[in-house]
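Welcome! Please take a moment with the sequence and the model shown here, and then we will walk through a few of the details together.

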There are 2 protein chains.
Amino acid sequence: MHAHTSMPLAPHALPASSNDATASEPLYRQLAAHYRRAIRNGVLRPGERMPSMRAFMQRHGVSLATATESYRVLEREALIEAQPRAGYFVRASQNAALPAASEPDLATMPRAAQFVGIHSVISTIVSQYQRYPDAFNLGGATASPDLYPTDALQKAALRALRRRPTLLTTAGPDQGDPALRAIIARRALDAGIQVGADDIIMTHGGIEAVNLALRAVTQPGDTVAVESPCFFGLLQALESLGLRALEIPASPSTGLAIEALDFALQTHPDIKAVVAVPNLQNPLGSVMPDAHKARLVELCARAGIALIEDDPYRELVDSAQPLRSLKAWDSDGTVIHCTSFNKTLAPGMRIGWINGGRWHPRIGMLKFAQSRHNEQLSQVVLAEFLQTNAYERHLRRLRDRLRMQRERMAAALGASFPEGTRFTPPAGGIFFWIELPREVSSADFFDAALKEGIRVMPGTVFSNAGRFDHFIRLSCPSTDLDLADDALRRLGRLATAMTARASAYASAADKHTPRSHCETP
Amino acid sequence: MHAHTSMPLAPHALPASSNDATASEPLYRQLAAHYRRAIRNGVLRPGERMPSMRAFMQRHGVSLATATESYRVLEREALIEAQPRAGYFVRASQNAALPAASEPDLATMPRAAQFVGIHSVISTIVSQYQRYPDAFNLGGATASPDLYPTDALQKAALRALRRRPTLLTTAGPDQGDPALRAIIARRALDAGIQVGADDIIMTHGGIEAVNLALRAVTQPGDTVAVESPCFFGLLQALESLGLRALEIPASPSTGLAIEALDFALQTHPDIKAVVAVPNLQNPLGSVMPDAHKARLVELCARAGIALIEDDPYRELVDSAQPLRSLKAWDSDGTVIHCTSFNKTLAPGMRIGWINGGRWHPRIGMLKFAQSRHNEQLSQVVLAEFLQTNAYERHLRRLRDRLRMQRERMAAALGASFPEGTRFTPPAGGIFFWIELPREVSSADFFDAALKEGIRVMPGTVFSNAGRFDHFIRLSCPSTDLDLADDALRRLGRLATAMTARASAYASAADKHTPRSHCETP
C-alpha cells in the first residue's frame, strides 16, 4: 500500500523508461516528457502540486540533479511554475488565457451619489439565493468552509474554555483582550505597521471597524471617495450613515487610480475621507504597487483628510514577500487601518481590529458607545492560535489551495467563456472580476445562472452609479473542483448563448431596419 | 458530619427546650423566640434564608403545624418575610431603614442638551478606577461574577463546540441563530410580548440594540426624551450620535413621570423618540406600574414617535408574577423593544436582541451594514441553556442571592450613613440609588471612597444637566457580604465625616461673615 494516495500519479503509472522518448534521450528529458504528457492529457490539472523533489527522486530512482533538470524543462515550457516555499505547480494553459480586463476610463468621473436602495438590491439578491438553497455558490465573499482550520480552532476553543472557565460570565476589557492585541501588534510589523497593543481596538469584524472609521471622520451628507468598483458592503455602510460616495476609477491590476483621485481631491473640496482596499481589492483582486500606496497616503495627508484602509485580504496574496499596508507609509496619523480575520481564518468569528490614527480616541469612544467590547472567548481562541505557528501554517495551506482553485477556474473560464470575455487574473485571494461581452447584462446573467443552479454576484452592486452591468464577480468555490469546473462550463455556455442571442437579435434588427418592408400593424 | 454546613444554625445550637422561654409556653412560641434572638444578635443576618419547613421540622422534631406557626410569629413581627417559591428570609431591621428618596420636582424641566464630554467624564472615572485596581467594586453594572452560572455555561459551550465543530469557521445567518430566536420568541410571552422568531434580530448586547433603534428613528441634532436620572451608557450613545437628550423626571418608585412626559411632548414638538427602562430602571431600581406603562405607550403612539424600551433587568425583579414589558401594550409598532442576557446570565456573552416595531426592516439594514451577524458560538450556547430549565433555575438562585445582598446592604446603609441620607429600596436587581446629605458632593465622595479602596459611581454621570451631584449609585457587590458590610461602614463614616466637615465649615462661615473683622489683604 502506498500511503500518499493524494499524490497526483502513483509510481507504477510512471516507469522511468517511459515509452514516449527514445532510450537514447537523457533521463531528465524522458521524465519531463512523461509529465508533459500527463499535463496535456489533463491527468495533472492546472493548479495541482507537482511531486516534491524528494518524492520525485524516490519515485523515479533518480538523483537531485536529474529531478531538478526535469522540472527546469517543464518550467521553461511554461507547463509548471515554482511557488516560493511551496514547490512546483501545474500552470493554467496559456492558450486558454483570456485577454486582460480593460483599464478604466479616467476621463469620465461619476458625480458623488448616495445609493438609495443598495440594501434593497442586496436583499433581493439574498432572497433570490434563498429560492435556490442548493445552488452552487460562486457568489460568496469567503473561501469554502473546508479551507478554514475547523479542527484546530475547535480544539483551541475547547482548551480556552477549560483553562479559563469564566470567559463567558466575565465582561472583558473595553479595547479587547490585551494578550491578543499584543500579538496582533507584533504581527502587524509584517505589514510595515508600527503600533502598540494600546493602539489597537478589537471590533466586530472588519465592517464594524470601517463603520467606526466613517463615523469618526464624517457627518451625514459628507462625500467619501471610494474605489470603483468597490465592495457593496461599503456602499451599504455609506448609505446607512447618510454619506455620498464619489467613485474613483480603479485598475484591475493596480487598484485605485491615483491621478484620478488627485484630480477629484482638487475639484471636490467636500471629500472628507478616502476608503481604499490596497491589497487584493474586492472585487478586482488588484494590488496597489508600493509607489501608489506611498502617493495615496501623501495625497490624503496633504489634503488633511482621513485615509480609511480596509485590508482584510493582505495575507492571501501569492508572493514570497508580505505585502505592506497603506499604514506603513503613514507618518502623521492620516491612515485609519481596518482589518479582520474573517477572510483569512474564520468566517464564524467576528473579529476585526482598528487603529484609528489621529482619530483613535474618538473611535474608542464610538466603539464603546455603540457595542462595548467584543466577546472574550473568540479573542482568547484567536490569541492562542496566533501564538503558535498554526496560523502561518494554515495561511500557507490556504494560499496554496486558493491558488490551485484560481488556476483551475482560470482554465475553465478560458475554455468555456465566449469571445469578448475579459479577465485579469488576481494576484491572490478569493475573487474573479469578469468582464462579459458587452451584449450580456449581469442582471439577466444572474437570473439565468441561478436557474442553472449557480450563484454569481452581478456587477451592478459594486457601484452606486449604475456601472459594471456587464461584469460579474465569482468567488473561489468549494474544494470540489470538478463541480466547479462543471459550473463554470455551464456559465460559459450561458454567456455564449446570451451573446449569440443578442448578436442574432442585433443582426436581425440590422437586416430589418433598412428594408422596413414589414410595418408593425 | 452534617452535610449542610451552610445552614444558618446547626441543630446542636438549637435545642427545642430553649431556655429563654418558660417551658409552659407553646413549643411554636419557644422556637420563634429562639430565632428572634438569633436575628437580633446578628447570628442570622438580613437577607439570609431561614431553614425550609422540612429542615425546621427535622431539626426541631416538630410537626408542620408547629413550624408554620413559629414562622407566622416571626413574620408578624416583621423579622422574616416569605418569598414566593423561595422560602422565608430574614428582613432588614426596620429600625435602621432610611427615609425614602425624595420624589422629583416635576415643575422644573431642564432644556434639551447634548452632553458634550460624557465620554471623557466616564474615561476619567475608568482611569481613576485603574489607579486602584484592587478597590472593592460597588461601582459596576452587573452582579458579582460568582452569581452567574460559569460551570453550566462552560459545559454548554464545550458541548456546543463538540456537536457543531464548524461554529467558528462558518458565517451565521444575518438576523442570528434561528433556533435561539425561536426560543426567545417563546420566552417573550412571559413579558407579554407576541413576536415570531423572524421579528427578532440578535445584537451585540443591549447597547447595540439601543444604538440601532436610535439610528433608525433619528437624525443628528434631533431631541430624544430620556428618564432623569438615566444610565450614562445611554447619554454616551446619544452624544456619539449627535442627539440631544431631554431629561424627564423619574420617580425612585414608579420611574418615568408620565405627566411630565405628556407636558414635554406638547411643548417640544421636536422630540423624535422616548427611551425608557420600565423595569428596575438603572440607576433608580424603579418599576413602572402597569397603568403607567399603558399610558406611556399610548402617549408615544398618539405623538407618532418611537418608544425605545430598554429592558435588560426585567427578570431580576422580586415578584411572583413576571413583569410585563412596554411592548406588551404596543398595538401599532410604536415600541422598539431592546434587551440582553448581559445582566441576567452572562456579562461575557455580548448577546442582546431587538424587535424594531414598525422600524424593524430599517433596523435589520442598519445592523447588517454596521456589524453583520453576531458570533454563532455564544448564540448556540445560549439556545442550549434556554432550552432546558437551567435558565429558570439560575434566575431563581440569582434573584435570591441578590435579594439577600440588597437586604444586607440596606441594613448596613441604615446603620452607617449619616442623617439626611435617603434611599428607596429597589424592587429587585443590582442597583442602589442613594441620596446623600445635600452637603456632600458625589465627585468629592467618589475621590474619597476610591482612596479608601472602594469604587462607587457618582450621581453626576446620570444626567446631562448637571443634576444628582449629591447622589451615588452603588451596585450589589461580590458575595463576600462581610467585606461588603465593612465597605459600606467605611463609606458611611466617610459620608458622616464629609457632612460634619461641611456643617462645621458652614457654621464657621456663619460666625465669620457677620463680623468681617479680618479683611483679605
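Let us start with one arginine: a polar atom of the B:Arg399 side chain lies 2.8 Å from the backbone oxygen of B:Glu315. A polar contact is a pair of N or O atoms within 3.5 Å; within protein, one must be able to donate a hydrogen and the other to accept it, and residues adjacent in sequence count only if both atoms are side-chain atoms.

This is a predicted model, in which local features need pLDDT of at least 70 and side-chain atom pairs count only at pLDDT 80 or more, while totals for chains, interfaces and linings use all residues. Residues are numbered from 1 along each chain as its sequence is written, chains are lettered from A and ligands numbered from 1 in the order in which they are written, and side-chain values use heavy atoms, with hydrogens and water left out.

B:Arg399 belongs to helix H13 (residues 390-416) of chain B. Helices (H or I, at least four residues) and strands (E, at least two) are DSSP runs, numbered from the N terminus.

Now to the aromatic rings. Across all chains, a search of the whole structure finds 24 aromatic pairs. Rings of Phe, Tyr and Trp (its six-membered ring) pair if their centres lie within 6.5 Å; planes under 30 degrees apart count as stacked, over 60 as edge-to-face and the rest as tilted. Here are two of the pairs:

| Pair | Centres apart | Planes at | Type |
|---|---|---|---|
| A:Phe341 and A:Tyr391 | 5.9 Å | 65° | edge-to-face |
| B:Trp433 and B:Phe471 | 5.0 Å | 20° | stacked |

A:Phe341 sits in the loop between strands S10 (335-340) and S11 of chain A, and A:Tyr391 in helix H13 of chain A, 50 residues apart. A:Phe341 is buried at 8% relative accessible area, and A:Tyr391 is buried at 0%. B:Trp433 and B:Phe471 are both buried. In chain A, ring pairs join A:Phe232, A:Trp433, A:Phe462, A:Phe468 and A:Phe471 into a cluster.

Methods: Buried < 20%, exposed > 50% of the residue type's maximum accessible area, 1.4 Å probe, protein only.
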